[in-house]
Amino acid sequence: MQTIKHTFIGPICQAITMTGLPLKGALKDEQLEIISEAGILIKNDRIHQISNYWDLYPEAQSIGAEMVSLKGDFVALPGLIDCHTHICFGGSRAQDYAMRNAGKSYLEIAKAGGGIWDTVTQTRKAKQEKLVHLTVQRANRHLKDGITTIEVKSGYGLSVAEELKMLRAIQEANDSTYADLIPTCLAAHIPPKDFQGTQRDYLKAIAEELFPILQGEGLANRIDAFIEDTAFTSEDIQSYFHKAKEMGFDITVHADQFHASGSQVAVNFGAISADHLEASSDKEIKLLAQSDTIAVALPGASMGLGVAYTPARKLLDAGASLAIASDWNPGSAPMGDLLMQAAVLGTYEKLSNAEVLAGITTRAAAALNLHDRGQLNPGMLADIVLFPTADYREITYMQGRLKPFKVFKNGVEIK
């Protein structure tokens with residue numbers, strides 16, 4: 001018989017619940033539900049009630065709730081969600097960064113031994129135990145910053161055995177951190193240099209050999225692919241995604257990063273999300289807005305590469321759903337600071353606080369097809385972040401410098 005544990009947190013100056021917001025389209029700050037002088041009553045790992053602190057206080061006392069009494073000014077948000085990362089990797093690409101800033105092109109860097117294949121080589125050399133350690137280390141840094149759910153991609157293995165090593169490492173890391181790690185198979189990242197055959201031969205081998213093991217071991221229910229001139233074309237990927245859909249996997253796509261084409265593939269296959277979109281034109285924006293595919297902006301990649309940001313304002317105004325993720329990876333987005341990147345994207349794309357916060361909470365949850373988080377609402381997971389301020393607007397205003405005071409995951413305070 002399960003022991004019932006209650007926890008009561010408060011008083012909180014402002015609880016920003018992120019409830020009642022539409023999934024798609026532009027948002028105004030006036031649409032945010034803000035509970036002043038709030039209390040949050042937790043039952044085991046779920047939010048039981050959220051209301052005025054003093055109204056809930058007698059009930060919390062009567063049921064013997066553990067009191068987390070706050071002294072000072074605090075704002076509560078749902079646990080933040082990073083819906084696109086590559087934090088399972090070995091090595092560094094500092095050389096790429098230096099060469100890129102010195103004016104070298106992507107092709108020149110690749111020819112010099114850099115690029116994604118460099119990370120593939122270093123990740124293949126790392127033992128599974130080392131990848132587990134590195135992934136947990138990075139996940140815990142995110143957790144300290146209030147990010148309680150983190151999508152993690154493979155894609156630096158690029159063979160059945162090495163992709164399995166990565167995904168097993170992600171699974172093991174998930175058991176070693178309080179954060180929830182959501183695995184995604186990105187075996188279709190780039191064509192491996194050491195595969196004997198065509199790009200389509202490689203994809204066929206992965207689909208036939210790897211997909212059944214993913215399901216058998218429960219390693220991932222999400223399949224991703226990089227649709228780009230230097231990776232896989234929209235024609236290459238057709239059979240691969242058809243197989244994934246037939247087997248019941250969710251689809252997500254690295255789309256329109258340098259050239260537009262991936263978003264059309266994403267929409268055609270009913271992908272949960274299309275991520276990057278820096279090269280999306282009005283045509284692709286309209287296409288995404290008219291679909292159920294969530295657009296995911298990755299401002300960290302724009303900062304790392306020195307390129308334009310995802311046209312977030314146009315996407316929202318057209319009626320699309322917009323999530324925001326860090327793309328934390330060793331090449332184009334090594335910083336991995338989700339809140340700072342989201343705030344800066346807001347500055348450049350003129351996003352409201354509501355749009356930025358929805359992009360890293362409720363809409364990010366939707367981009368992962370998760371329906372039990374991203375809001376402070378009864379029945380949701382008790383993933384809660386407390387920031388030391390009386391005004392929620394300070395969180396984006398400080399552009400990532402304002403760090404959480406307390407983080408709760410599944411109702412447990414992370415020390």
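Guide: Let us begin with aromatic pairs: rings of Phe, Tyr and Trp (its six-membered ring) pair if their centres lie within 6.5 Å, and planes under 30 degrees apart count as stacked, over 60 as edge-to-face and the rest as tilted. By this rule the count in this structure, which is a predicted model, comes to 13 aromatic pairs.

Visitor: Why is the pair of Phe-8 and Tyr-53 called stacked?

Guide: The ring centres of Phe-8 and Tyr-53 are 4.9 Å apart, and their planes stand at 15°. The cut-off for a pair is 6.5 Å between centres, and planes under 30 degrees apart count as stacked, so the pair of Phe-8 and Tyr-53 is stacked. Both Phe-8 and Tyr-53 are buried. Since Phe-8 belongs to strand β1 (residues 6-16) and Tyr-53 to helix α1 (residues 53-62), the pair ties together parts that are 45 residues apart in sequence.

Visitor: What makes the pair of Phe-74 and Phe-405 tilted?

Guide: Here the centres are 4.7 Å apart and the planes at 35°.

Visitor: Why are the buried residues of helix α8 said to lie on the same side of α8?

Guide: The buried residues of helix α8 (residues 238-246) are Tyr-240, Phe-241 and Ala-244. They cover an arc of only 90° around the axis, which puts them on the same side of α8. On the other side of α8, Ser-239 and Glu-246 are exposed. What covers the buried residues includes β8 (180-188), α7 (199-217), β9 (222-226), β10 (250-255) and α9 (262-268).

Visitor: Which residues have the most contacts inside the largest nonpolar core?

Guide: Among them are Tyr-240 and Phe-241, together with Phe-211, Leu-214 and Ile-237, in a core of 99 residues. A second, separate core has 18 residues, including Val-68, Phe-74, Leu-386 and Phe-408. Tyr-240 and Phe-241 also form one aromatic cluster with Phe-211, Phe-249 and Phe-269.

Visitor: What makes Glu-162 and Lys-165 a salt bridge?

Guide: Their closest N and O atoms are 2.9 Å apart, and the cut-off for a salt bridge is 4 Å between a side-chain nitrogen of Lys or Arg and a carboxyl oxygen of Asp or Glu. Glu-162 and Lys-165 both lie in helix α6 (residues 160-174), 3 residues apart, about one turn of the helix. An α-helix has 3.6 residues a turn, so residues three or four places apart point the same way. Lys-165 has a relative accessible area of 12%, so Lys-165 is buried.

Visitor: How many salt bridges does the structure hold?

Guide: The structure holds 23 salt bridges. One of them joins the side chains of Arg-93 and Asp-96, at 2.7 Å from N to O, and both of these residues are buried. Another joins Arg-373 and Asp-372, whose closest N and O atoms are 2.8 Å apart, and Arg-373 counts as buried because its relative accessibility is 9%. Arg-373 and Asp-372 are also linked in a network of salt bridges with Asp-180, Asp-383 and Lys-409.

Visitor: How do you know that Cys-83 is in no disulfide?

Guide: A search of the whole structure finds 0 disulfides. For Cys-83, the nearest cysteine sulfur, that of Cys-185, is 18 Å away, while a disulfide needs sulfur atoms within 2.5 Å. Cys-83 has a relative accessibility of 2%, so Cys-83 counts as buried.

Key:
Residues are numbered from 1 along each chain as its sequence is written. This is a predicted model: local features need pLDDT of at least 70, side-chain atom pairs count only at pLDDT 80 or more; totals for chains, interfaces and linings use all residues. Side-chain values use heavy atoms; hydrogens and water are left out. Buried means under 20% relative accessible area, exposed over 50%, partly exposed in between (1.4 Å probe, protein chains only). Helices (H or I, at least four residues) and strands (E, at least two) are DSSP runs, numbered from the N terminus. The arc is that of the directions from the helix axis to the C-beta atoms. Contact means heavy atoms within 4.5 Å. A nonpolar core is a set of buried Ala, Val, Leu, Ile, Met, Phe, Trp, Tyr and Cys residues joined through side-chain atoms within 4.5 Å.
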